Amino acid sequence: MSLCPRLARTAFRRNCPSILQTSRPRTHQPLRPATSINPTLTYHRSLHDSPVSSTKPTNPDPRENPAHALAPNADVNVGQRRLADFDLKGRVFVVTGAARGLGLALAESLVEAGGKVYCLDREDKPDEHWAEARKRVIPEWGGSLHYCQQDVLDTCDLDRVITEIADDNRRLDGVIAAAGVQQVTPAVDYEPADAARMLAINFTGVLMTATSAARQMIKYKCHGSICLIASMSGTVANKGLLSSVYNSSKAALIQLARNLAMEWSPIKPDGTGGIRVNCISPGHILTPMVAQNFEEVPGLKEKWESENMMGRLAQTTEFKGAALFLLSNASSFMTGSNLVIDGGHSSW
């Protein structure tokens with residue numbers, strides 16, 4: 001049962017294809033022999049598919065309207081209240097992939113700081129750890145935890161849900177895009193459909209989550225923060241794990257964050273914008289997905305533990321502080337960055 005009554009699903013489905021439906025390979029027809037060629041005609045192949053326009057869109061010049069509004073107010077934030085820069089009371093957030101694991105831990109960090117957090121996941125209902133997290137919520141702190149079933153592959157419904165969350169609350173202050181999947185397969189054995197599914201969830205699903213959220217932040221003139229969950233696998237190859245497409249999808253998120261930050265961080269004259277975009281790149285974490293890797297690849301756990309400076313794997317709760325930092329005023333001058341938290345794995 002959804003904890004967000006106004007976000008309950010209806011029987012009506014928009015005529016909107018999913019990512020995988022739109023990315024399905026075309027059926028190739030055998031080539032027919034040409035009957036004639038007119039040598040007087042010149043054929044030109046378009047170099048790109050951008051919409052035809054007399055002017056091309058460019059990113060705003062930050063100097064035209066400096067983002068002073070994002071700077072902390074010393075009269076409020078310095079010495080007046082304990083940890084004022086981290087206070088999220090009254091703010092609204094969305095976290096995808098938050099039925100369990102890392103996404104749930106990050107959602108809980110925002111709740112503890114007073115945020116109203118909507119957890120989105122494709123599961124019909126969250127696992128017992130989510131229920132335990134909800135029981136831990138202390139209402140006096142101002143935070144609350146809600147669950148909505150939503151698959152990021154269904155981009156139209158994803159946009160509808162995020163829109164309704166923003167409309168219900170008349171604001172949207174931040175998003176953590178943590179939904180992702182992994183497939184361990186030798187590169188020579190990858191099928192096009194497998195690669196398409198991986199990229200549809202890990203990249204396109206994150207992109208659509210971010211753009212949908214940004215539209216609502218612009219609509220309500222919220223100077224929000226977006227955090228993409230990438231991975232250290234986006235910058236290094238994981239020894240002992242053949243996951244070339246997964247690693248590539250995480251590298252794409254790091255680059256995506258830079259480009260979205262360039263577009264959305266400047267504040268426009270009408271007050272919109274000021275949306276910071278950053279990444280967290282975790283190292284190896286003990287999650288259900290990683291536990292499955294250990295079952296499939298004997299000795300992998302011991303291998304990974306020996307590859308970082310701490311000699312162990314991370315717990316999901318060890319990333320809560322980073323999420324709170326990026327989604328709060330504490331990181332007001334940080335955008336387009338990738339925060340690597342890997343126990344020193346990529347440092348040697």
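Reply: In this predicted model, the largest nonpolar core has 43 residues, and the ones touching the most other members are Leu120, Leu172, Met217, Ile226, Leu228, Trp264 and Val277. A nonpolar core here is a set of buried Ala, Val, Leu, Ile, Met, Phe, Trp, Tyr and Cys residues joined through side-chain atoms within 4.5 Å. Two or more residues each come from S1, S2, helix H5 (155-169), S4, helix H6 (192-219), S5, H7 and S6. H7 is the top contributor, with 9 residues. Apart from this core there's another one of 32 residues, with Leu88, Ala99, Leu104 and Tyr147 among them. The H and S names are DSSP runs numbered from the N terminus: helices are H or I with at least four residues, strands are E with at least two.

A bit of housekeeping: residues are numbered from 1 along each chain as its sequence is written. Local features need pLDDT of at least 70 and side-chain atom pairs count only at pLDDT 80 or more, while totals for chains, interfaces and linings use all residues, and side-chain values use heavy atoms, leaving out hydrogens and water.

Now zoom in on Val277. Leaving aside residues up to four places away in sequence, valine 277 touches Ile226, Leu228, Ala257, Leu260, Ala261, Trp264, Thr335, Gly336 and Ser337, where a contact means heavy atoms within 4.5 Å.

Its strand is S6, and 7 of the 7 residues of S6 are buried, so this strand is largely enclosed by the rest of the structure. Buried means under 20% relative accessible area, exposed means over 50%, and partly exposed is in between (1.4 Å probe, protein chains only). In a regular strand, side chains alternate between the two faces of the sheet. Both faces of S6 are covered: Val277, Cys279 and Ser281 are buried on one side, and Arg276, Asn278, Ile280 and Pro282 are buried on the other.

Who are the neighbours of S6? S5 runs parallel to S6, with 5 bridges between them, and two strands count as paired if DSSP finds at least two bridges. Opposite valine 277 of S6 stands isoleucine 226. To get from S5 to S6, the chain goes through helix H7 (residues 244-264) in a right-handed β-α-β crossover. Right-handed means that, with the strands pointing away from you, the path from the first strand over the helix to the second runs clockwise.

S7 is also parallel to S6 (residues 276-282), joined by 4 bridges. Cysteine 279 has asparagine 338 of S7 as its bridge partner, and proline 282 has isoleucine 341 of S7.

Stepping back, the open sheet has 7 strands in the order S3-S2-S1-S4-S5-S6-S7, with parallel pairing. Strand S3 (144-149) and strand S7 (338-341) are the edges, each pairing on one side only. On average, neighbouring strands are turned by 20° against each other, direction ignored. Helix H4 (residues 128-135) packs on the sheet against strand S2 (116-121) and S3, and its direction makes about 150° with that of S3. Helix H10 (residues 320-327) packs there too, touching S6 and S7 among others, at about 170° to the direction of S6. These axes are lines fitted to C-alpha atoms (for helices, over the stretch in contact), with angles from 0 to 180 degrees between N-to-C directions.
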